[in-house]
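Here's a walk through one protein model, for someone who likes to know the cut-offs behind each term. Keep the viewer open as you read.

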Amino acid sequence: MQLPLEGIRVLDLSRLLPGPFCTQMLADLGAEVIKVEDHMGGDYMRLLEHKIKKFSVYYYTVNRNKKSIRLDLRNQEGKEIFLNLVKTADVLVEAYRPGAMERLGLGYDDLKAINPGLVYCSITGYGQDSPYKHLPGHDVNYLSVMGVLNTIGTKEGRPSIPATPFGDVAGTYNATMAILAALMGKQKNGVGQYIDIALADSLIVFQIMGMSKFMVDGINPEMGNEALSGHYAFYDVYQGKDGRYLAFGNGEEKFWAEFLKAVNREDLMADRLADEKRQQEIKVEIAEIVKTKTVAEWMEILKDYDVCITPVNNYEEALQDPHVKSRELWFYADDPVEERIPQVAFPAKFSDYKPGFRTSPPKIGADSAELLQALGYTEEQIASFKERKVI
């Protein structure tokens, strides 16, 4: 069966994580994604640390199923080639600072004039019209501005920076969703769309409960003192005899009751929602119980009880977890340069579509000649472009 985005052409001018991950998902769904790269090293994600042999593992994780053309967009001939590509495209994704594409004469209004059906997606830290639009930023900055970082950490400590780039990844999904919606709109009316994605804005998906509560009662959440951040004994993390941890997510009464039944402490059920002082006392008691057995022993005991309790896996353990293995969420793919590259699965299962790995991430400019020939350029012209570093 054909993949749903076959026949859709995407021009990807982005680098690093959010834009390339977004376009990889589009490519997984069948779109022809063309990385448009410059002569200054192109997508420098290739050159980051943690290289396999030649390039960074990070580059290989978010750039499969793509082609690459090298173009000097500051060169008039290079710009003309790009405009010819735009005429054939359905989607453009870029991640320059606000105003940069306009200064090149490649802003949405410029390109809409030659391709009214173009879906043009700009991904930036703070969006196109924010007072912060020209500020540089990274994930920790977006988390802090949006109020998320102030909720992460223990009650006694300072905010803890998560190792996962939540803003970047949330922005990836936000951009992908918006592009797909715009493509559906284009099917109905033939008109494209400009999409303004701010990585900071994308973090609101993690604030649905906390911020909505604050907007009603005006009470700021305290780190480690909220229902979902370890305030209650039934929703916390406890260490086993072997030093590993168990995550308790027994938010509903029935799950907490089942655990207390398993450890013969049903007397604690009456204090399920007790005050903070009593919660701390219960936590001490539960911690002492959990420390009597290893995590593996607890999982064996608790398999017969209806509880929300799971081991806290490190990466090695996560890769071996029955859920991760059965869903085939991570795998290795063959690659002509690196031989074997780690890959993340497309994060949804379809009854008929099989999105996923088809081709390895491209070298810079690997498909330049092929793409130019398809646009009608001759071999002589292509050779001249290469010689003069237009491509």
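**Contacts, backbone and open space**

Searching the whole structure turns up 21 salt bridges, where a salt bridge is a side-chain nitrogen of Lys or Arg within 4 Å of a carboxyl oxygen of Asp or Glu. Before going further: this is a predicted model, with local features needing pLDDT of at least 70 and side-chain atom pairs counting only at pLDDT 80 or more, while totals for chains, interfaces and linings use all residues. Residues are numbered from 1 along each chain as its sequence is written, and side-chain values use heavy atoms, with hydrogens and water left out.

One of those salt bridges joins the side chains of Arg-64 and Asp-28, at 2.7 Å from N to O. This pair ties together distant parts of the chain, 36 residues apart: Arg-64 sits in the loop between H2 and E3, and Asp-28 is in helix H1 (residues 18-28). Helices (H or I, at least four residues) and strands (E, at least two) are DSSP runs, numbered from the N terminus.

In that loop between H2 and strand E3 (66-70) you'll also find Asn-65. Its backbone is worth a click: phi of Asn-65 is near 60°, a positive value in a residue other than glycine. Most residues other than glycine have a negative phi. His-50 has a positive phi too, near 65°, and belongs to the loop between strand E2 (32-37) and helix H2 (57-61).

On to the rings. There are 17 aromatic pairs in the structure, meaning rings of Phe, Tyr and Trp (its six-membered ring) with centres within 6.5 Å; planes under 30 degrees apart count as stacked, over 60 as edge-to-face and the rest as tilted. Tyr-108 and Tyr-120 make an edge-to-face pair, because their ring centres are 5.8 Å apart and their planes lie at 75°. Tyr-108 is in helix H5 (residues 108-112) and Tyr-120 in strand E5, so to speak a link between distant parts of the chain, 12 residues apart.Tyr-120 shows up again in the lining of the largest cavity, alongside residues including Glu-94, Arg-97, Met-101 and Tyr-194. A cavity is a set of points, on a 1 Å grid over the protein atoms alone, where a 1.4 Å probe fits but cannot get out; a pocket is an open set with protein on both sides within 12 Å along at least five of seven lines, and lining residues have an atom within 4 Å of a point. The search finds one cavity of 30 Å³ or more, and the largest cavity holds about 40 Å³ of space. Helix H4 (100-103) and strand E5 (119-124) each give at least two residues to its lining.

Now for the open space. The second largest pocket has a volume of about 1,300 Å³, a volume being the space filled by probe spheres set on the grid points, which are joined across faces, edges and corners. It is lined by 44 residues, with Thr-151, Pro-221, Glu-226, Leu-228 and Ser-229 nearest its centre. H8 brings the largest share of that lining, six residues.
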